[in-house]
Amino acid sequence: MFKNGVKIGLTIMGTTIGAGFASGREIWEFFTSYGLQSTIGLLIAMVLFLLSSIVILWLSWRYETKNYYDILVLLMGNRFAKIFDWFIFLYLFSGSVIMFAGSSAIFEQWGYPMIIGDIVLAISLWLVLAHGVSGLIHLNSVLMPMKMLMMVYIGFHFLFTNKDVVSHFIREHLRVWPSAVTYVAFNIISLLGVLSTIGKEIRSKGEIILGSIIGISGLGLIAILMNQSLLRVANANQYEIPLFSIIPQNQPLFMAFVSVILWLAIYTTALSNVHGLIYRVQKRLPFSTGQLSLFFLIFIIPVSFIGFSNLIHFLYPLYGVLNLYVLTLIILFPFQRV
């Protein structure tokens, strides 16, 4: 039971710690910008994550679901599930745009024009998409622990050398709890997409509870470390990638290593999103995978010039609000007659 519980926990962490999380942008937008109360917001978010993970895993185990759509049907019925499935298409598209903007931000950090980051990512994606994505799962399994260890190390190292919290934050006059709820709602689609497929591997309720506790505890630790670090950075919101604000500028090799890991996180997220887009339209359009991927990539690049931080600032909270309906259904499901 313990081994499988750890596996489930790592799956939850790997699903949630995407490129937006690893860059520090999500943590800043949803929590740090609210000042000292951000820690309370993170605790609220982790409780909601825990409850959501347990319910999704239980549904996947109990009803032997094969994908997120099966759980959507259980939660809202077939008619609304079909409507929401189209909404997920827009979610994948905008997520792809944000990843392109993130790639541009990393290249811009090193003095290159933004378009270089777009071109490098587009070529890398097309080469893989046109010939299959079989290596994606393996790459994610290697990259996920590297992302986690990198963020834990950076967080602890920064906190040991920076003790004072910055005195002013742009949203400290607002309550943080709505943002915490919105953050969980934003991430609920990703959790549904992954956790809905692993029910057949679960053997008991104990594995569900243990895996959820392990996953959310690890996620909470990294989020709190990142948040506490960013609380000690003046004008962290001015960084396209706030993680760079807590890395010592006198360590260019380490900065380069972090940039590579972040770019790979962006790459794998973009690859999953664009692949999801192609899968959704390929059955309806008479084009090859290579042709469709080229079309999507060419269309995405101009939109990405809006900027990484601007896109996250606008789209992530928007999707969080739209997903509140799904989050509410998940949290309330145990209280319904099943």
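This is a predicted model: local features need pLDDT of at least 70, side-chain atom pairs count only at pLDDT 80 or more; totals for chains, interfaces and linings use all residues.
View 1. The chain has an average pLDDT of 85, and 96% of its residues score at least 70.

**View 2. Helix H4 against helix H8.** Here H4 is seen with helix H8 (residues 177-195), their axes coming within 9 Å and crossing at roughly 25 degrees. Angles under 35 degrees count as roughly parallel, so that is how H4 and H8 lie to each other. H4 passes H8 in a right-handed crossing. On the H4 side, look for residues including Gly41, Ile44, Leu48, Phe49, Ser52 and Ile56. Their counterparts in H8 include Trp177, Tyr183, Val184, Asn187, Ile188 and Leu191. Sorted by class, this contact of H4 with H8 holds 15 nonpolar and five polar residues, with no charged ones.

**View 3. Helix H5 crossing helix H10.** In this view, helix H5 (residues 68-109) meets helix H10 (residues 252-282), with axes that come within 8 Å and cross at roughly 135 degrees. H5 and H10 are therefore oblique to each other. Their crossing is left-handed. The contact of H5 with H10 is made up of 15 nonpolar, eight polar and two charged residues.

Methods: Residues are numbered from 1 along each chain as its sequence is written. Side-chain values use heavy atoms; hydrogens and water are left out. pLDDT is the predictor's confidence in each residue, from 0 to 100. Axes are lines fitted to C-alpha atoms, for helices over the stretch in contact, and angles run from 0 to 180 degrees between N-to-C directions. Helices (H or I, at least four residues) and strands (E, at least two) are DSSP runs, numbered from the N terminus. Angles under 35 degrees count as roughly parallel, over 145 as roughly antiparallel, 65 to 115 as roughly perpendicular and the rest as oblique. A crossing is left-handed if the near helix is turned anticlockwise from the far one by less than a right angle, and right-handed if clockwise. Contact means heavy atoms within 4.5 Å. Ala, Val, Leu, Ile, Met, Phe, Trp, Tyr, Cys and Pro count as nonpolar, Asp, Glu, Lys and Arg as charged, and the others, Gly among them, as polar.
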